[in-house]
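Reader: Hello! Please take me through the aromatic side chains of this model, with the cut-offs spelled out as you go.

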Amino acid sequence: MTSTPPFAVSAASSEPADLFVRNTVHWLERAVIGLNLCPFAKGVHVKGQIHYVVAPTEDLTEVLDLLRCELSALVAASAETRDTTLLILPHCLQDFLDFNDFLGEAEALLEAMDLDGTLQIASFHPQFQFAGTDADDVTNCTNRSPYPTLHLLREESIDRAVEVFPEAEMIFERNIEVLQALGMQGWAALDVGPHSGEPMSLAANKEVR
């Protein structure tokens with residue numbers, strides 16, 4: 001497991017930036033891994049191969065600049081030390097429609113960097129809503145995180161995961177069944193929203209900017 005560098009404080013908030021990481025890790029452990037919403041998440045988590053970055057800004061131009069840096073850094077790093085990156089945006093894009101629009105700019109940046117086919121950008125948001133669903137539909141929770149978050153993934157890692165789990169297309173259907181059985185009350189009981197106190201311990205490679 002990689003060592004954890006000292007945490008910095010976000011200039012855009014009175015809260016320490018590591019708090020946003022801790023809340024994100026809590027969501028990952030309790031929901032994503034705890035409910036097995038992504039069978040591939042546990043392996044990279046326990047090996048410390050997830051890189052966490054907090055964007056300390058409300059400026060979307062600065063977010064794109066940081067995204068560019070993190071895409072480049074992910075490509076340059078070995079998968080053994082950094083398999084994937086979570087870019088956490090606690091100070092901007094709180095409206096899901098705005099976030100959804102921003103994803104187009106993120107994808108355009110990926111293509112402009114000629115990384116389309118090498119990396120993917122997945123997304124999570126506290127208000128995530130699939131087309132054709134109601135806002136309170138529990139199935140939306142498959143992609144609901146404490147903060148707007150961009151997930152940077154390696155295509156080759158996705159390919160390896162699919163080889164290990166050949167019925168990957170069934171994951172979404174299983175997740176729907178799990179969440180429908182859980183219900184909104186059960187999801188709320190997981191307590192995976194943002195906290196202002198000291199949540200759980202960290203077991204991953206974290207960098208806060």
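Author: Happy to! A residue is called buried under 20% relative accessible area, exposed over 50%, and partly exposed in between, using a 1.4 Å probe and protein chains only. The model is predicted, so local features need pLDDT of at least 70 and side-chain atom pairs pLDDT 80 or more, while totals for chains, interfaces and linings use all residues. Residues are numbered from 1 along each chain as its sequence is written, and side-chain values use heavy atoms, without hydrogens or water.

Let us begin with F40, which counts as partly exposed because its relative accessibility is 31%. F40 sits in the loop between α1 (17-33) and α2 (41-46); helices (H or I, at least four residues) and strands (E, at least two) are DSSP runs numbered from the N terminus.

Phe, Tyr and Trp (six-membered ring) pair with centres within 6.5 Å, and planes under 30 degrees apart are stacked, over 60 edge-to-face, the rest tilted. One of the pairs joins F20 and Y147 edge-to-face, with 5.2 Å between centres and 90° between planes. Since F20 belongs to helix α1 and Y147 to the loop between β3 (119-124) and β4 (149-154), this pair ties together parts 127 residues apart in sequence. Both F20 and Y147 are buried.

W27 and F124 also pair, with centres 5.2 Å apart and planes at 70°, so this contact is edge-to-face. It links distant parts of the chain, as W27 in helix α1 and F124 in strand β3 are 97 residues apart. W27 and F124 are buried too.

Finally, F96, F99, F128, F130 and F172 are linked into a cluster by ring pairs.
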